[in-house]
Amino acid sequence: APDIPVGAVVQDLKDLQQISDDNGGNRAHGQPGHKASVDYVKAKLDAAGFETSLQEFTHGGATGYNLIADWPGGDPNQVLMAGAHIDSVSDGSGISDNGSGSAGVLEVALAVAEADLKPTKHLRFAWWGAEEVGLAGSRHYVDGLAAGQAETIDGYLNADMIASPNPGYFVYDSDPALEKVFTDWFSAKSIPTEASTETNGRSDHASFQNAGIPVGGLFTGAGATKTQEQADKWGGTAGESFDPCYHASCDDLTNISEEALDRNADALAHAVWELSG
Ligand code: PHE
Ligand code: CA
Ligand code: ZN
Ligand code: ZN
Ligand code: ZN
């Protein structure tokens, strides 16, 4: 898999910050910053040759959007998906949660186009609306699949908070094969990982898991406190949250570890290349 240039991911975060600034300081469900964020990602994917579609849904009396991007080709009965929620909470810009995952998945998708990848499996990328109000966008997507379609999805990889400023390296321990493709990448770089427990049922992968679809994903920690043992192996500050600005107004462009962003974007690219054959 290619090395994802972290500068491109950071530029996406700058652009998402600008979108938030221009739209009242958030990118939340039902707010203009959410739709503007979706339009930003869609334009890049369209220019790169993806087949994109917007799935509009209503939740809590407000309109939300899922963005789906299919890479043409591959076996339609063996689909590999990767996705991230693109809404923020209403209290801030949501650059760590979840600009980081949104930008990481975007740059991996653009790398697929750049490489003109011809995978055995069909690749589909997704950016979910309304995660912060109960995983609503991803649930609308899974609920809306035509009969038999869930069975064609071989795996779903989730990226929610992959650049926390005081990062840990957590890998979802749900499906063993999807876990291993990530832990292999980290062990090759001698970066220790832990199985992610804080994530269980708490992001969009749960919508897929509930439909019997194998899931995996990456996470650098949210409101929980980094222990001394974790600081010894990962660096950073023991006794502080992985993300001290989790769901707060200070979750802006300064609330990011570029090193974690770089590593996780590269790990995600590795997984997409390996798993799509
Ligand atoms: N889904 C939660 C949020 O977006 C927190 C979380 C992030 C949980 C990542 C699991 C994985 O705020
Ligand atoms: Ca990189
Ligand atoms: Zn709903
Ligand atoms: Zn959140
Ligand atoms: Zn999140």
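**Figure 1. The end of helix α1 and the residue after it.** Helix α1 is followed by G24, whose phi is positive, near 80 degrees. The view is taken from a predicted model. Helix α1 covers residues 6-22, and its 17 residues should span 24 Å at 1.5 Å a residue.

Figure 2. Which residues of α1 are buried? They are V6, V9, D12, L13, L16, I19 and S20. Seen down the helix axis, these buried residues fall within an arc of 130 degrees, so they line one face of α1. An α-helix has 3.6 residues a turn, so residues three or four places apart point the same way. G7 and D22, on the other side of α1, are exposed. The cover over the buried residues includes α2 (32-48), α3 (95-114) and α8 (258-276).

**Figure 3. The whole chain, for orientation.** The chain has eight helices and eight strands. Its C-alpha trace spans about 50 × 45 × 35 Å along the principal axes. For 277 residues, a compact globule would have a radius of gyration near 19 Å; the value for this chain is 17 Å, which agrees. Of the 277 residues, 54% count as buried. Among contacts with a separation of 6 or more, 77% come from residues 24 or more positions apart.

**Figure 4. The largest nonpolar core.** This core has 69 residues. Those with the most contacts inside it are V105, V108, A109, L268 and V272. Once its neighbours within four places in sequence are left aside, V272 is in contact with L80, A82, V108, V112 and L123. In soluble globular proteins, nonpolar side chains tend to be buried together.

Figure 5. Strand β8 takes in residues 215-219, and five of the five are buried, so the strand is largely enclosed by the rest of the structure. V215, G217 and F219 point one way from β8, while G216 and L218 point the other way. In a regular strand the side chains alternate between the two faces of the sheet. Strand β5 (residues 153-159) pairs with β8 in the parallel sense over four bridges. In this pairing, N158 has G217 of β8 as its bridge partner. Strand β6 (residues 170-172) runs antiparallel to β8 and is joined to it by two bridges. F170 stands opposite F219 of β8.

Figure 6. Helix α4 (residues 136-143) is mostly covered, with seven of its eight residues buried. The buried ones are A136, G137, S138, R139, H140, Y141 and V142. They pack against β1 (51-59), β2 (62-71), β3 (75-85), β4 (121-128) and α6 (205-209). Strands β1 and β2 are antiparallel and pair over nine bridges. S53 has I68 in β2 as its bridge partner. The hairpin has two residues between these strands, and G60 in the hairpin takes a positive phi near 60 degrees.

Figure 7. A130 is found in the loop between β4 and α4. Is A130 buried or exposed? A130 is buried, because 29 other C-beta atoms lie within 10 Å. Apart from its neighbours within four places in sequence, A130 is in contact with H29, H59, G64, D87, A136 and G137. T58 is 72 residues from A130 along the chain, and their C-alpha atoms are separated by 9.6 Å.

Figure 8. Most residues other than glycine have a negative phi, and most peptide bonds are trans. The peptide bond from D97 to N98 is cis, with omega near 10 degrees. N98 has its place in helix α3. D116, in the loop between α3 and β4, has a positive phi near 50 degrees and is not a glycine. With 9 C-beta neighbours inside 10 Å, D116 counts as exposed. M161 lies in the loop between β5 and β6. M161 also has a positive phi, of about 70 degrees, although it is not a glycine. M161 is buried, since 30 other C-beta atoms lie within 10 Å.

Key
Residues numbered from 1 in each chain as written. Chains lettered and ligands numbered in written order. Rg over C-alpha atoms; globule rule 2.2 N^0.38 Å. Buried ≥ 20, exposed ≤ 12 C-beta atoms within 10 Å, placed from the backbone. Contact = placed C-beta atoms within 7 Å. Core = buried A, V, L, I, M, F, W, Y, C linked by C-beta atoms within 7 Å. Pairing = 2+ DSSP bridges. Expected span 1.5 Å × (residues − 1). Arc of directions from axis to C-beta.
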